[in-house]
Amino acid sequence: MANNLTRNPLYLDTTGGTSYYAIPGTIGSILFSGNTDTDSTVLLYNAENMVLANRSFEKWGNGAALAPDGWTVSGASAAVAREGTIIKDGSYSAKLTRAGTNCYLSQNVLAMAPAPKNAITWWQGKNIMAGAWVYATVGDRAYLETYDGQTTTTSGAHAGNSAWAWLTTAAADVHASATQLTVRLAVKTGDTAAYIDSPILFETIPLFYLLGQDKPYGISYPRPLPFRGLYLATLTGGAVQVQI
């Protein structure tokens, strides 16, 4: 399976729902395998992490009990804290605790992005998706969201099973009249804490769409397809593996 990466072949695995690979390269061919579930719906996206700053939550310039660099906390009595034990990647995650009112840990994409992505006109009409690792101990409280000043797009709720889960917002168009673009962890409807690590945001440019096919299933491209990052998602059905 041809590619120009240092690892050849490259494997992505949707066990747990998704797989994300942040390094650019090119795709010459793809082989799907791993199960015989003919009901699987799989999407492989060109998925560069477009702009999110301090996505590993390693920088806390204002202190461990205030919002991490590049992020803000909102909601009456909400608390944010640097977390060094419940982590998914790196040394820290961010902990958000609700106390009486729905609360959010947010990044203003326009404030952090380089030009031209710091202008809302660049985003208006683009189809986007956000994803993040989220940890919670109470179900139906923690969500990942995008908000463009007109529309909130929300992930499914974390199950509250004291484990990390990859949450993704639905792919959605940024509103033509959008005034902002925010990615945020939300804790809603009851007081509890949730943790976030390694969020991403990308424009949804599909490289391959697989619907209800027997595995394995392969395709070769006459001309290599460039990518800035890869995001593999199982929308329905069982886990699959991809070899590139």
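This is a predicted model: local features need pLDDT of at least 70, side-chain atom pairs count only at pLDDT 80 or more; totals for chains, interfaces and linings use all residues.
Biologist: Which residue of S8 is the bridge partner of threonine 72?

Modeller: The partner of threonine 72 is serine 106.

Biologist: And what is the order of the strands in the open sheet?

Modeller: The sheet has five strands, in the order S5-S8-S14-S10-S11, with antiparallel pairing. Strand S5 (72-74) and strand S11 (152-154) are the edge strands, each pairing on one side only. From one strand to the next, the twist averages 25°.

Biologist: How many helices and strands does the protein have?

Modeller: There are two helices and 19 strands. The protein has 244 residues, of which 46% count as buried. Among contacts between residues at least 6 apart in sequence, 77% join residues at least 24 apart.

Biologist: What does leucine 105 touch?

Modeller: Leaving aside residues up to four places away in sequence, leucine 105 touches Phe57, Pro68, Trp71, Thr72, Val73, Val80, Ala94, Leu96, Val183, Arg184, Leu185 and Ile196.

Biologist: How many aromatic pairs does a search of the whole structure find?

Modeller: The search finds nine. In one of them, tyrosine 45 and phenylalanine 202 have ring centres 5.7 Å apart and planes at 55°, so the pair is tilted. Tyrosine 45 is in strand S4 (residues 41-46) and phenylalanine 202 in strand S15 (residues 193-203), 157 residues apart, and the pair links these distant parts of the chain.

Biologist: Are tyrosine 45 and phenylalanine 202 buried or exposed?

Modeller: Both tyrosine 45 and phenylalanine 202 are buried. Phenylalanine 202 also forms a tilted pair with tyrosine 231, at 5.0 Å centre to centre and 50° between the planes.

Biologist: Why does that pair of phenylalanine 202 and tyrosine 231 tie together parts that are apart in sequence?

Modeller: Phenylalanine 202 lies in strand S15 and tyrosine 231 in strand S18 (residues 230-236), so the pair joins parts 29 residues apart in sequence. Tyrosine 231 is buried, as is phenylalanine 202.

Biologist: Which residues do ring pairs link into a cluster?

Modeller: The cluster consists of Tyr45, Trp133, Trp166, Phe202 and Tyr231.

Technical notes. Residues are numbered from 1 along each chain as its sequence is written. Side-chain values use heavy atoms; hydrogens and water are left out. Contact means heavy atoms within 4.5 Å. Two strands pair if DSSP finds at least two bridges between them. Helices (H or I, at least four residues) and strands (E, at least two) are DSSP runs, numbered from the N terminus. Axes are lines fitted to C-alpha atoms, for helices over the stretch in contact, and angles run from 0 to 180 degrees between N-to-C directions. Buried means under 20% relative accessible area, exposed over 50%, partly exposed in between (1.4 Å probe, protein chains only). Rings of Phe, Tyr and Trp (its six-membered ring) pair if their centres lie within 6.5 Å; planes under 30 degrees apart count as stacked, over 60 as edge-to-face and the rest as tilted.
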